[in-house]
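Biologist: I have a new model open and would like to talk it through. Could you show it first, and then we can go residue by residue?

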Amino acid sequence: APFFFYKTGQRLSHKLKEENQPSGIDGGGEEVDRRDRDIQAAEAALHNMEAQYASMRMKKERLEVESQNTLAEINDGDEESLVRFTESIDSRSVYVGNVDYGVQPSMLETLFSSCGTITRITIPQGVKGPKGFAYVEFVEEGAVEQAMQLNNTSINGRALNVLPKRTNKPGVRRGRKAGRFS
């Protein structure tokens with residue numbers, strides 16, 4: 001492409017040499033195509049991050065509402081309402097059995113996040129480490145049914161047993177009797 005410039009009133013035409021030309025100005029070379037692909041990839045990544053941000057913001061809002069409801073229930077409740085509250089939490093939770101000892105809460109979150117908004121993941125610990133089961137609590141009650149569909153899903157080579165969480169009844173004990181020799 002001709003390059004024009006004015007000097008002392010005269011118009012001079014000068015053709016830039018390819019070796020002096022800045023890269024990407026040749027109007028469609030490989031460099032321009034690469035930059036266009038880079039820009040498109042960056043725009044796609046930005047769009048993905050914005051979608052993730054919106055999803056996380058919605059999850060945060062749901063969890064804040066759940067937290068406020070929980071605090072109100074605990075602070076305002078008598079024993080009977082606390083039992084109902086505990087039953088409400090249990091109705092939105094699943095028991096996950098046969099969990100590999102190396103499984104982290106983030107792995108369970110990845111598996112169960114498609115079922116609904118997760119409030120809490122608990123992997124009980126014993127003296128020697130994890131006990132081999134977990135609890136996953138959701139905001140939505142309908143998430144339990146979706147989580148049940150993940151029964152027999154394998155993590156770290158072990159098929160998980162996914163069941164609705166049962167509510168412990170006050171005063172009812174399981175296991176051996178109180179007196180060891182009685």
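**Working through the model**

Modeller: Asn152 is exposed, with a relative accessible area of 53%, and please keep in mind throughout that this is a predicted model.

Biologist: Where does Asn152 lie?

Modeller: Asn152 sits in the loop that connects helix 4 with strand 8 (154-155).

Biologist: And what is Asn152 in contact with, leaving aside its neighbours within four places in sequence?

Modeller: With those neighbours set aside, Asn152 is in contact with Ala159, Leu160 and Asn161. Asn98 is 54 residues away from Asn152 in sequence, while the C-alpha atoms of the two are 9.7 Å apart in space.

Biologist: Let's step back to the whole chain. How many helices and strands are there in the protein?

Modeller: The protein has four helices and ten strands, and read from the N terminus their order is β-β-α-α-β-α-β-β-β-β-α-β-β-β.

Biologist: What share of the residues counts as buried?

Modeller: Of the 182 residues, 21% count as buried. The accessible surface comes to about 13700 Å², with carbon and sulfur atoms holding 52% of that area. Among contacts with a separation of 6 or more, 56% are between residues 24 or more positions apart.

Biologist: Which residues have the most contacts inside the largest nonpolar core?

Modeller: That core has 21 residues, and those with the most contacts inside it are Val94, Val96, Leu108, Phe112, Val136, Phe138 and Leu160. At least two core residues come from each of strand 3 (93-97), helix 3 (105-112), strand 4 (118-122), strand 7 (133-138) and helix 4 (143-148). In soluble globular proteins, nonpolar side chains tend to be buried together.

Biologist: Take Val96, then; what does Val96 touch, not counting residues up to four places away in sequence?

Modeller: On that count, Val96 touches Phe112, Phe133, Ala134, Val136, Leu160 and Asn161.

Biologist: What about Glu137, buried or exposed?

Modeller: Glu137, which belongs to strand 7, also counts as buried, at 6% relative accessibility. Not counting residues up to four places away in sequence, Glu137 touches Ile89, Arg92, Ser93, Thr117, Ile118, Thr119 and Arg120.

Biologist: Changing topic, how many salt bridges does the structure hold?

Modeller: There are six salt bridges, and one network of them links Glu31, Arg34, Arg35 and Asp38.

Biologist: How far apart are the closest N and O atoms of Arg34 and Glu31?

Modeller: They are 2.6 Å apart, and since Arg34 and Glu31 are three residues apart in helix 1 (residues 30-76), about one helical turn separates them. Glu31 also forms a salt bridge with Arg35, at 3.3 Å from N to O, and these two lie four residues apart in helix 1, about one turn of the helix. Relative accessibility is 35% for Arg34, which counts as partly exposed; Glu31 is partly exposed at 24%, and Arg35 is partly exposed at 41%.

Biologist: And what joins Glu64 and Lys60?

Modeller: Their side chains meet in a salt bridge of 2.9 Å, N to O, with Glu64 and Lys60 four residues apart in helix 1. Glu64 is partly exposed, with a relative accessible area of 38%, whereas Lys60 is exposed, with 51%.

Definitions and conventions. Residues are numbered from 1 along each chain as its sequence is written. This is a predicted model: local features need pLDDT of at least 70, side-chain atom pairs count only at pLDDT 80 or more; totals for chains, interfaces and linings use all residues. Side-chain values use heavy atoms; hydrogens and water are left out. Buried means under 20% relative accessible area, exposed over 50%, partly exposed in between (1.4 Å probe, protein chains only). Contact means heavy atoms within 4.5 Å. Accessible areas come from the Shrake-Rupley method with a 1.4 Å probe; for residues, only the protein chains shown count as cover. A nonpolar core is a set of buried Ala, Val, Leu, Ile, Met, Phe, Trp, Tyr and Cys residues joined through side-chain atoms within 4.5 Å. A salt bridge is a side-chain nitrogen of Lys or Arg within 4 Å of a carboxyl oxygen of Asp or Glu.
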